[in-house]
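This briefing sets out the strand pairing and helix packing of the structure shown below.

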Amino acid sequence: MLERARELLPLLRDGDSLAAVTVTRVARSAPRGAGATMAVTADGRVIGSISGGCVEGDAILLAHGARLDGAPRTARLGFSDDAAHAAGLACGGSVDVAAYAVPSEPPVMDALEAAAAGRGVTVGLVLAGPVAGTVLDERALRSATAGSSEAAAALETAIRDRDTVVVAGALDGHDVLVLSHAPAPHLIVIGAGEHAAALCRVAAAAGFAVTVCDVWETLVTRERFPAAVELVVGLPHEHLAALDASVVDDRTAVCVLTHDERLDVPALAAALALPVGFVGAMGARGTVAHRNALLREAGVTAAEIARVRSPLGLDLGGASPEETAISVLAEIVATRHGGSGVPLSTRSGPLHRRGAAAAPHAAESPSHQAPSSETSAGATISTASAPQSPAARATSGCGIPLPAGAS
């Protein structure tokens, strides 16, 4: 349900009757994992999918039944290897699902609003018993599982790992479906050139909340970065240093794309002081070596310098800003999930290592924002103060004057 928040909210606000089907467990192999959700409207419209199309028919019937009588139901959808290619999951696996009505009540609407805004949220759906179909917020979930150490531990694991699971016997002996949505991972892009614009587009499409920071006010614009959630005009290292450590975590990535050592070096030093999971910087190998020497002179340790992914990106062979952005995002994703970056065709074993190598998710906390003004897109543009200096019009390595405070 939570993964479809942006699509479901307008329908619920308009009074539409909805039901959802969520995958709660995958046996062997399936196109999508636990948490995958499809929704069905009263007029038969289907939103999303839970497989490659091979079990959707049965899922739609379950959804209509739950929508009409309000009673959740569970089922296992899938087929044996003999029947798989004939009628079921082409990969021969099966999925456990829960079908349930989606009420337009405060606990549901609040959770959907949070998920649509990219915030972390957890809710529970009672699957059986006298209050079947009731939606519980996180506080009510904790209260419901307080009497069972096993259920409480399972709930805390689901909240921490942002998993979708069925917690057995969580409420008066009845099962509860826990739906947990992770906050959007944060990508901080330093620099506002063409590669930064391409990376913002690609990363936003992949679900990242992107902040773009540069000293050039003429480049840091909503027209160039329509998908960014925050635009910051100012010195990158000052923006990074001003971030509260509680609002960044090991899912946060910082990519330095400024191509100016006077901005690169202090920005990298500031990024390495934060508890982020990925720090990368563009540059040719000669640039990387020179920049590393400057980082050492600035007091950055060898161990910290070794954390910097530079040259940035996986070797995909492309050269355009868009192709480069894909290679950069691929390295961020591979690093976060412990992936090798090699073609799957060269590997053996399961294709998906669900949960095995994923980094733990930090608890949600309010995002830091510098003084800002609202834009027509609803995001913020922050203007960080930059100190004036006699060298305010000093030129960069490319012979281009830098804005005040950037020298």
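**Sheets and helix packing**

Strands β2 and β3 (residues 46-47) pair in the antiparallel sense over two bridges. The model is a predicted one. Strand β2 belongs to an open sheet of five strands with antiparallel pairing, and a further open sheet has four strands, also paired in the antiparallel sense. The points below take each sheet in turn and then the helix pairs.

**The five-strand sheet**

- The strand order is β3-β2-β1-β5-β4.
- The edges are held by β3 and β4 (73-78), each with a single partner strand, so one side of each lacks a neighbour in the sheet.
- Helix α2 (residues 56-69) packs on this sheet and touches β1, β2, β3, β4 and β5 (94-101). The direction of α2 makes about 55° with that of β2.

**Strand β2 and its partners**

- Strand β1 (residues 18-27) runs antiparallel to β2, and five bridges join the two. Within this part of the sheet, A20 has A39 of β2 as its bridge partner.
- On the β3 side, V40 has V46 as its bridge partner.
- The hairpin of β2 and β3 has four residues between the strands, and G44 takes a positive phi near 90° there.
- Strand β2 (residues 37-41) has five of its five residues buried, so the rest of the structure largely encloses it.
- Burial applies to both faces of β2: T37, A39 and T41 are buried on one side, and M38 and V40 are buried on the other.

**The four-strand sheet**

- Here the order of the strands is β7-β6-β9-β8.
- The edge strands, β7 (135-136) and β8 (165-171), each pair on one side only.
- Strand β6 (residues 121-126) is joined to β7 by two bridges, and the two strands run antiparallel. In this pair, G124 stands opposite L136 of β7.
- Helix α4 (residues 106-116) packs on the sheet, where it touches β6, β7 and β9 (174-181). The angle between the direction of α4 and that of β6 is about 145°.

**Helices α1 and α4**

- Helix α4 also packs with helix α1 (residues 5-13), at an angle of about 140° and with the axes 9 Å apart. This angle makes α1 oblique to α4.
- The crossing of α1 and α4 is left-handed.
- From α1, the residues A5, R6, L9, L12 and R13 meet M109, L112, E113, A115 and A116 of α4. By class, this contact of α1 with α4 comprises seven nonpolar and three charged residues, with no polar residue.

**Helices α5 and α6**

- The axes of helix α5 (residues 138-145) and helix α6 (residues 149-161) come within 8 Å of each other and cross at roughly 155°. Helices α5 and α6 are therefore roughly antiparallel to each other.
- The crossing of α5 and α6 is left-handed.
- Helix α5 contributes E138, L141, R142 and T145 to the contact, and helix α6 contributes A151, A152, L155, E156 and I159. Sorted by class, the contact of α5 with α6 has five nonpolar residues, one polar residue and three charged residues.

Conventions
Residues are numbered from 1 along each chain as its sequence is written. This is a predicted model: local features need pLDDT of at least 70, side-chain atom pairs count only at pLDDT 80 or more; totals for chains, interfaces and linings use all residues. Side-chain values use heavy atoms; hydrogens and water are left out. Buried means under 20% relative accessible area, exposed over 50%, partly exposed in between (1.4 Å probe, protein chains only). Two strands pair if DSSP finds at least two bridges between them. Axes are lines fitted to C-alpha atoms, for helices over the stretch in contact, and angles run from 0 to 180 degrees between N-to-C directions. Angles under 35 degrees count as roughly parallel, over 145 as roughly antiparallel, 65 to 115 as roughly perpendicular and the rest as oblique. A crossing is left-handed if the near helix is turned anticlockwise from the far one by less than a right angle, and right-handed if clockwise. Contact means heavy atoms within 4.5 Å. Ala, Val, Leu, Ile, Met, Phe, Trp, Tyr, Cys and Pro count as nonpolar, Asp, Glu, Lys and Arg as charged, and the others, Gly among them, as polar.
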